Amino acid sequence: MNFPGMRRTIIAAVCVFLATGTALAQTVNAEPTPRIIVSGTGTADIAPDMAVLTLSVLRQAETARAALDANNQAMAAVLDAMRAEGIEDRDLQTANFRINPRFERPSSSNSQRRDPVIIGYDVYNTLTVRVRDLDSLGAVIDRSVTLGANSGGNIQFTNDDPSAAIEQARIKAMQEALRKAETLSSTAGVGLGPILQISEQSSQPRPVPFARAEMAVVADAAVPIATGENSYSVTVNVTIALDQP
């Protein structure tokens, strides 16, 4: 065996290990970069150009079969009405479907508890509708209620492409964060160095529930609708190094 060659290899490996360990120790013991963390929020408001409706049909009967048949008939009428209002099939989607038994606990003259019994069934079918023509929104809601939508409901006014508004909100958020950093650093008597990290969170308009009573309208009268504006918000968190004198 070549013992001198092996000895030289071991010595070289130990030297490399010691040099690496010294570098790591220097890195660990190095002073952290002075920094400032600021946040900024920007918003942009634009008029919606689309609405998303959530409509539910509820039917009850003594048997699941009878409740399902009644629900199918009502939902088919609602779907036909949506298409008659110009809603395309791509904008109609079943969002939820369920069959629930209804229970009742029989009364008892003695202290013994009696098990509940099924007295009927509820069938829910929920439809999501994208309405791209907001002028027809009131008529769409009116017809859907007239033909069988009778449970729950949400309206979400949205935009087909909100990217321009979100970009505007993002710019405003970043500008606000940088203004904060400049104010804080100048007041503290230090300068700003390079940006170390940026993160963001965005929010969009949420669905608004509408009550069943508000949906119930007289014949030939569309539901009054106020679209307002959508507010898109972006919050950024910015970490910036400090340039100390």
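Helix H2 (residues 64-84) and helix H3 (residues 137-147) have axes that come within 9 Å and cross at roughly 160 degrees; axes are lines fitted to C-alpha atoms, for helices over the stretch in contact, and angles run from 0 to 180 degrees between N-to-C directions. H2 is therefore roughly antiparallel to H3, a term for angles over 145 degrees. Helices (H or I, at least four residues) and strands (E, at least two) are DSSP runs, numbered from the N terminus. To the contact (heavy atoms within 4.5 Å), H2 contributes Ala74, Ala77, Val78, Ala81, Met82 and Ala84, and H3 contributes Val140, Arg143, Ser144 and Leu147. By class, these comprise 8 nonpolar, 1 polar and 1 charged residues, where Ala, Val, Leu, Ile, Met, Phe, Trp, Tyr, Cys and Pro count as nonpolar, Asp, Glu, Lys and Arg as charged, and the others, Gly among them, as polar.

The model is predicted: local features need pLDDT of at least 70, side-chain atom pairs count only at pLDDT 80 or more, and totals for chains, interfaces and linings use all residues. Residues are numbered from 1 along each chain as its sequence is written, and side-chain values use heavy atoms, with hydrogens and water left out.

Just after H3, glycine 148 has a positive phi of about 145 degrees.

In H4, the buried residues are Ala165, Ile166, Ala169, Ala173, Met174, Ala177, Ala181 and Ser185. These buried residues pack against strand E1 (35-46), strand E6 (191-203) and strand E8 (230-243). Glycine 189, with a positive phi near 80 degrees, follows H4.

Note on methods:
Parallel < 35°, antiparallel > 145°, perpendicular 65-115°, else oblique. Buried < 20%, exposed > 50% of the residue type's maximum accessible area, 1.4 Å probe, protein only.
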